Amino acid sequence: PLPSVSPAADPAVISPQDPTLLIGSSLVATCTVSPESHLRAEDLYWTLNGRRLPATSYTTLGPTTLSVALTRLNGSKQQSGDNLVCHSRDGGILAGSCLYVGLPPEKPVNITCWSKNMKDLTCKWAPGNEGETFLHTNYTLKYKLRWYGRDNTCQEYHTAGPYSCRIPKDLALFTPYEIWVEASNRMGVAVSDVVMLDILDVVTTDPPPDVHVSRVGDLEDQLSVRWSSPPALKDFLFQAKYQIQYRVEDSSEWKVVDDVGNQTSCRLAGLRPGTVYFVQVRCNPYGIYGSKKAGIWSDWSNPTAASTPRSERAAGGCDPKGGEQNTTLRRELKQFFGWVKKHAYGCSNLGIKLYDQWRVWLQKSHKARNQVGKDPST
Amino acid sequence: PAGDSWGIFTFLCAALCNLPALPALNCSEELGTSQSIQKTYDLTRYLEHQLRTLAGTYLNYLGPPFNEPDFNPPRLARAERVPSATVDLDLWRGLTDNARLAANYRAYSRLLCYLRALDGQAGTAELRHRLGHFCSSLQGLVLSIAGVMSSLGYPLPAGPVGPPAPPGTAVAPNDFLKKMDDFWLLKELQTWLWRSAKDFNRLKKKVPPAVVTLRLEARGF
């Protein structure tokens, strides 16, 4: 059918228009057609979200008014509201009403905050009760300084995920903040518990810059790590704490060095020779401005790679594990021939001779390998 | 044809610029109007593509029946605030270049305003992000059309390019009617982009091909 331009007056009126309802409640809606449309109640039908509602739920209230009864409503199919529509017999839309069916919000929980270099304060929270209210829910972060009357509202949202906000400037030190989150939707408001914090207790900083990892001379089981103090707080980090984590190239298991203290260098020991390691460092601005508490760990620095020197005593080839294999093999062979010596009477002479000759050969080739140096021998 | 002249031009420029004996030369060319028209045409195709995804997401947010393929609501009088692309064929054919461009410029300026006014709280962050991106691209189209008009010597259409808002119909009186307005806005945007592709194709054929100007500025030459 061609779209028709309806008269200036609305062809029909629905009541209630755009109501807000609690999940599980019931509703009776009416559609009254205007006299100009020349339609009657029996020419009308209802749909909800595009699906026709059964005629058994209709009641004619007057010559131009048809009502529909909806019971035990589920949460709205979309946050823009369920579409309840009054149609004329040929399917044309006469009027519509958006139903907002949902729940009031729950108290937001788990408010955590951190301050980057004492320049800003970012907080994140979680919606109460998994957050499914079926309605669009607005979150507002509010804060005030303790002992000062004025409430402030955070403006920059979603800086660290969907439930987060950032206060970018004018932070006060030495006075605690009171922080809370208000959740509101069409059905009501819920306010979180108030969190009290001191900026100095939640300071974090950038990862340490200039991380260098280098060998320690020829030592094959050590690497030396050096870094700089994060520049933004470098004048205050007298008691900073650092942590190092490292792993071998092909492993995902990190080893953490915890007791680095506040030096800006550290030596890793007990490493495997001839192996590539990835190293990261992070910083905690512990005890800033005399705070007795630990701050918040920075992110890890970008991984820096370095390799330990290869041991020269290893079987001259490219496989660092070659040396180990040889020693195990020798040990086993030794044990075998030892056993043969003990238990094989007839052939024992042959066994012993063979064994001794083999040992002599082994020693000769070992000496030769050492003299030749890096040449891979058979 | 165009290909040959471009080739010759490039060769000349390279040859002249590489001769060490000559003092420094500046080679520059001007973008032909036909290239601006081509660029505008390309923009309408790009926007049409973007709109498909945006409209799909937005209509899903509005919910059924708005996102049903055969949805055909009445065009209420109030919905005529949105400029319609639909036009009589002979009328369309007979448009002067100026009128054709002006119609496009006015339509997209108004459509951009209405799009920007779409509920800032609408839907997910992803939907709002898509909307923002589309508005930026649409702004680019408006500027591109303005560029074509000025390069052809036509004045930009005067008067307010925002929604004229006749009294009483400024904002939709209820949420359902607002959803209908949103539906028609997206529909008209789609129709306009289809039409504009044809408008700019037509303009491309009428405007002379790129005029290449070689400007040599030699110091002391």
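Mentor: A salt bridge is a side-chain nitrogen of Lys or Arg within 4 Å of a carboxyl oxygen of Asp or Glu. This is a predicted model, in which local features need pLDDT of at least 70 and side-chain atom pairs count only at pLDDT 80 or more, while totals for chains, interfaces and linings use all residues. Residues are numbered from 1 along each chain as its sequence is written, chains are lettered from A and ligands numbered from 1 in the order in which they are written, and side-chain values use heavy atoms, with hydrogens and water left out.

Trainee: Which side chains meet in a salt bridge?

Mentor: Between chain B and chain A the count is one salt bridge. Its N to O distance is 3.8 Å, and the side chains that meet are those of B:D175 and A:R186.

Trainee: What area do chain B and chain A bury between them?

Mentor: Buried area is the accessible area (1.4 Å probe) that two parts lose on being put together, summed over both. Of the area buried between chain B and chain A, 56% lies on carbon and sulfur atoms, and the total is about 1900 Å².

Trainee: Which residues of chain B lose the most area to chain A?

Mentor: Contact, meaning heavy atoms within 4.5 Å, takes 26 residues from chain A and 23 residues from chain B. In chain B, three residues together account for 29% of what that side buries, and those losing the most area are B:P64, B:D175 and B:F176.

Trainee: How far apart are the end C-alpha atoms of helix α5 of chain B?

Mentor: Helices are DSSP runs (H or I, at least four residues), numbered from the N terminus, and the expected span is 1.5 Å times one less than the number of residues. The 27 residues of α5 (residues 125-151) of chain B should therefore span 39 Å, and the distance between its end C-alpha atoms agrees, at 39 Å.

Note on methods:
Helices (H or I, at least four residues) and strands (E, at least two) are DSSP runs, numbered from the N terminus.
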